[in-house]
Amino acid sequence: MTFRSHPRGHQMTRTLPERVPARTARVSVPSAGMVLAVASALAFSVSGPIAKPLLEGGWSLAGVLAIRMGVAGLVLSPALLRTLLRRRDFLREHGVSLVAFGLIPVVGCQVFYFSALQRMPVGVALLIQYLAPVMLVLFVWARTRRAPSRIVVVGSIVAMIGLVLVVDVSGARFDLPGTAFALLAAVCACVYFVMSERAGDDLPPLALAAGGLLVGTVTILALAAVGVLPLTASAAPVDLVGMTVPPLVPLALVGLCTAAGYALGIMAVPRIGSRLASFVGLSEVLFALTLAWLLLGEAPAAVQFAGGALILAGVILVRIEERAPADVSSPAEPLPGEVAPGTR
């Protein structure tokens with residue numbers, strides 16, 4: 001937590017009343033935040049199966065990502081336009097935050113994750129990327145110098161054991177570059193949760209999401225233009241849930257799911273905190289398994305059901321801890337490019 005110095009006297013007593021209602025407001029509406037976080041994980045999990053036929057039908061990863069981000073950014077762009085029209089100095093104050101959100105959580109997480117997939121099994125890459133909740137616990141510990149409570153530690157261990165059981169890591173071998181890419185994806189995921197938690201009245205969540213997605217779209221196209229990422233597309237029909245459809249259908253659907261995932265997630269994190277939101281994000285793996293079962297007939301094994309139960313148990317334990325009003329999920333510091341409160 002960042003503390004500011006004040007002269008002794010009346011001004012010092014104003015600091016605590018300003019902080020307590022804000023935290024109380026967050027604790028008073030946990031259910032809405034949890035619903036938004038779960039819905040966000042569901043939306044993100046749906047986009048994967050929809051995009052897979054495109055990748056198998058001649059589309060490059062850069063092509064799918066560019067349209068996915070572009071459609072999502074356009075869907076959310078009215079929120080950004082309203083903010084720009086209402087506040088002429090918005091880009092000057094928060095432009096760096098929009099760029100950082102686009103480069104790190106939006107582009108960085110996906111590019112590093114798919115780079116890891118080229119070197120290791122999907123299950124291993126997922127397992128490493130979803131270490132993000134544990135990384136956030138350690139980050140808060142290092143920044144606040146407050147050790148996590150015993151219930152948070154137990155919840156973290158239980159959730160990670162569940163994740164190991166859910167993903168398939170059998171027969172996997174260690175690959176140093178792949179592991180590094182997956183860890184970088186996990187760091188980018190941590191940045192997503194921390195930056196989302198800082199969104200609010202001064203930096204509207206939907207404006208942050210829209211700006212970040214549009215920046216991400218431009219970045220992917222720029223990387224493709226210089227040859228870093230191959231960019232290919234195909235007009236051939238693709239198979240989607242047993243139906244042959246034009247590629248525009250899955251492209252539109254994956255864009256809408258991405259818009260919903262970012263919009264719901266970035267509104268959920270300020271309500272429930274970055275730490276709890278990161279653990280709820282683990283439910284994306286469970287939703288992906290369920291969708292693979294329903295849409296592709298890939299029934300999960302019994303051990304995966306057990307792993308899902310452990311993930312839910314871990315989330316519940318962390319949720320119990322987050323109910324404490326005195327808890328701080330991450331240091332209250334300004335986003336990149338912002339001026340610290342009281343210094344303007």
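Q: Buried means under 20% relative accessible area, exposed means over 50%, and partly exposed is whatever sits in between. With that in hand, is Phe44 buried or exposed?

A: This is a predicted model, and every value here is computed from it. Phe44 has a relative accessible area of 15%, so Phe44 lands under the 20% cut-off and is buried.

Q: What share of the chain counts as buried?

A: Out of 344 residues, 48% count as buried.

Q: How many helices and strands does the chain have?

A: There are 13 helices and 2 strands. As for how the chain folds back on itself, take contacts between residues at least 6 apart in sequence: 86% of them join residues at least 24 apart.

Q: How do I read an aromatic pair, and which kind do Phe44 and Tyr262 form?

A: The general idea is that a pair of aromatic rings is described by the distance of the centres and the angle of the planes. A search of the whole structure turns up 7 aromatic pairs. In one of them, Phe44 and Tyr262 sit 5.1 Å apart centre to centre with 90 degrees between the planes, which makes the pair edge-to-face.

Q: Where in the chain do the two partners come from?

A: From distant parts: Phe44 is in helix α2 (residues 30–56) and Tyr262 is in helix α10, 218 residues apart. Tyr262 is buried too, at a relative accessible area of 7%. For another pair, look at Tyr113 and Phe114, again edge-to-face, at 5.3 Å centre to centre and 70 degrees between the planes. Tyr113 counts as buried at 13% relative accessibility, whereas Phe114 is partly exposed at 24%.

Q: Which residues do ring pairs link into a cluster?

A: Phe44, Phe101, Tyr192, Phe193 and Tyr262.

Q: How should I think about a nonpolar core, and how many residues has the largest one here?

A: In soluble globular proteins, nonpolar side chains tend to be buried together. Here the largest nonpolar core has 61 residues, and the ones with the most contacts inside it are Phe101, Leu163, Ile220, Tyr262 and Leu282. A second, separate core has 11 residues, including Leu54, Trp59, Val254 and Cys257.

Q: Which residues does Ile220 touch?

A: Skip residues up to four places away in sequence, and Ile220 touches Ala62, Leu65, Ala66, Met69, Val107, Val111 and Leu229.

Terms used: Residues numbered from 1 in each chain as written. Predicted model: local features only at pLDDT ≥ 70, side-chain atom pairs only at ≥ 80, totals over all residues. Heavy atoms only, no water. Helix = DSSP H or I, 4+ residues; strand = E, 2+ residues; numbered from the N terminus. Buried < 20%, exposed > 50% of the residue type's maximum accessible area, 1.4 Å probe, protein only. Contact = heavy atoms within 4.5 Å. Core = buried A, V, L, I, M, F, W, Y, C linked by side-chain atoms within 4.5 Å. Phe/Tyr/Trp six-rings, centres within 6.5 Å; stacked < 30°, edge-to-face > 60°.
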